[in-house]
Amino acid sequence: MYKFVIVAPQADKVSLVGDFNDWDVSKTPMIRSGQSGLWTVAVPLSVGRHLYAFVVDGTTWLQDPSAPIAPDDGFGRANSVKLVVRGSSL
Amino acid sequence: MSRSRLVGLATLLLSVSLPPFVRAQEPEQQDRMAKLDIKTRGAVELLVDSAVAEGLPTQPLRSIALLGITRKADGKQIIAAVHRKLIALRTARVVLGRVDTLELDAASSVLIAGAKPNQLETFKNRPRGRSDLSAFIVWADLIGRGVPGEDASSAIARLWEEGADDATFQSLWNNVQSDILRGLNPGTALQNRIREAPGRPPTTKGPQTPEGQENKRSE
């Protein structure tokens with residue numbers, strides 16, 4: 001399982017979207033930890049180069065500040081990158 | 001004819017009459033694809049059917065279409081992005097021959113990132129059982145983060161020819177990434193780190209083991 005974390009104290013809901021869940025905003029809701037504004041979720045990932053982003057309140061797309069960025073997703077926006085190689089992740 | 005046989009026959013006829021694109025999709029994907037306008041969906045279906053006919057993986061194409069839907073991208077943009085991926089998958093297949101789906105997808109990402117098809121040729125003849133997936137993943141990412149394409153290509157090819165394993169590619173990526181975060185120019189970061197990468201004599205058979213290789217991962 002791979003853990004994703006984002007700080008969004010003002011958000012009412014945050015979702016993780018990526019090629020691993022068909023970029024579906026409804027599939028991977030993140031869980032808020034107390035009052036800190038920290039949102040987390042853990043998902044299984046296969047080996048590969050995974051693109052992902054966080055969607056805040058269903059409309060605002062955020063990149064992961066702790067991950068590298070893939071500059072162009074074909075739609076003029078950037079996504080974050082999680083590299084999973086055999087035995088570990090990048 | 002019994003009722004169960006009729007139902008079975010109807011199911012068979014229905015599944016045969018559906019285009020391959022529709023048959024191969026998960027129900028949830030079909031629902032979301034329905035958000036596309038008819039013209040865009042038809043064009044995407046044609047591209048995916050082409051991939052099916054050529055024996056290319058279709059999931060990378062669907063994933064791009066679904067990203068476009070979620071992004072609320074224009075139909076023309078979605079078609080262009082799916083088409084670009086299909087071309088890259090096709091080119092990677094021509095250069096590399098038969099490789100598994102993950103490797104082909106990763107190789108196509110290298111091409112989309114800006115590598116030239118002839119730069120993939122290093123990976124065409126490889127020992128049985130050796131995967132080039134890690135090399136492709138790191139290569140595409142290095143280009144995406146600003147390392148000049150020629151530098152990234154020659155560095156990855158050199159490591160590959162020297163028999164680098166997954167851990168070596170992983171540590172290279174980690175070290176270059178940490179240098180970039182420290183403010184180093186991406187190209188310079190790669191050049192510095194590639195000099196430190198463990199060299200091994202070129203191999204001609206069998207997958208590599210990590211024995212004897214230094215893991216330079218810095219994190």
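Guide: Helices here are DSSP runs of H or I with at least four residues, strands are runs of E with at least two, and both are numbered from the N terminus. The model is predicted.

Visitor: In which loop of chain A is the place of A:W23?

Guide: A:W23 has a phi near 55 degrees, a positive value in a residue other than glycine. Most residues other than glycine have a negative phi. The place of A:W23 in chain A is the loop between β2 and β3.

Visitor: Is A:D22 buried or exposed?

Guide: A:D22 also lies in the loop between β2 (14–18) and β3 of chain A, and its phi is positive, near 60 degrees. A residue counts as buried if 20 or more other C-beta atoms lie within 10 Å of its own. A:D22 has 20 other C-beta atoms within 10 Å and is therefore buried.

Visitor: How many residues lie between β3(A) and β4(A) in their hairpin?

Guide: Strand β3 (residues 31–33) of chain A runs antiparallel to β4(A), joined by three bridges. In that pairing A:S33 stands opposite A:L38. The turn of the hairpin contains A:G34, with a positive phi of about 55 degrees, and the number of residues between the strands is four.

Visitor: Are α4(B) and α5(B) roughly parallel or roughly antiparallel to each other?

Guide: The axes of helix α4 (residues 38–54) and helix α5 (residues 59–71) of chain B come within 9 Å and cross at roughly 165 degrees. Angles over 145 degrees count as roughly antiparallel. The two helices α4(B) and α5(B) are therefore roughly antiparallel.

Visitor: How many charged residues has the contact of α4(B) with α5(B)?

Guide: The crossing is right-handed. From α4(B) the contact takes B:V44, B:L47, B:V48 and B:A51, and from α5(B) it takes B:L61, B:R62 and B:A65. By class there are six nonpolar residues, no polar ones, and the number of charged residues is one.

Visitor: Which helix supplies the largest share of the side of chain B that touches chain A?

Guide: The contact takes 23 residues from chain A and 30 residues from chain B. Several helices of chain B each supply at least two residues of that side, among them α3 (27–33), α6 (75–96) and α10 (166–181). By class, the side of chain B has 12 nonpolar, 11 polar and seven charged residues. Its largest share, seven residues, comes from α5(B).

Conventions:
Residues numbered from 1 in each chain as written. Chains lettered and ligands numbered in written order. Predicted model: local features only at pLDDT ≥ 70, side-chain atom pairs only at ≥ 80, totals over all residues. Pairing = 2+ DSSP bridges. Axes fitted to C-alpha atoms, helices over the stretch in contact; angles between N-to-C directions. Parallel < 35°, antiparallel > 145°, perpendicular 65-115°, else oblique. Left-handed = near helix turned anticlockwise from the far one by under 90°. Contact = placed C-beta atoms within 7 Å. Nonpolar A, V, L, I, M, F, W, Y, C, P; charged D, E, K, R; others polar. Buried ≥ 20, exposed ≤ 12 C-beta atoms within 10 Å, placed from the backbone.
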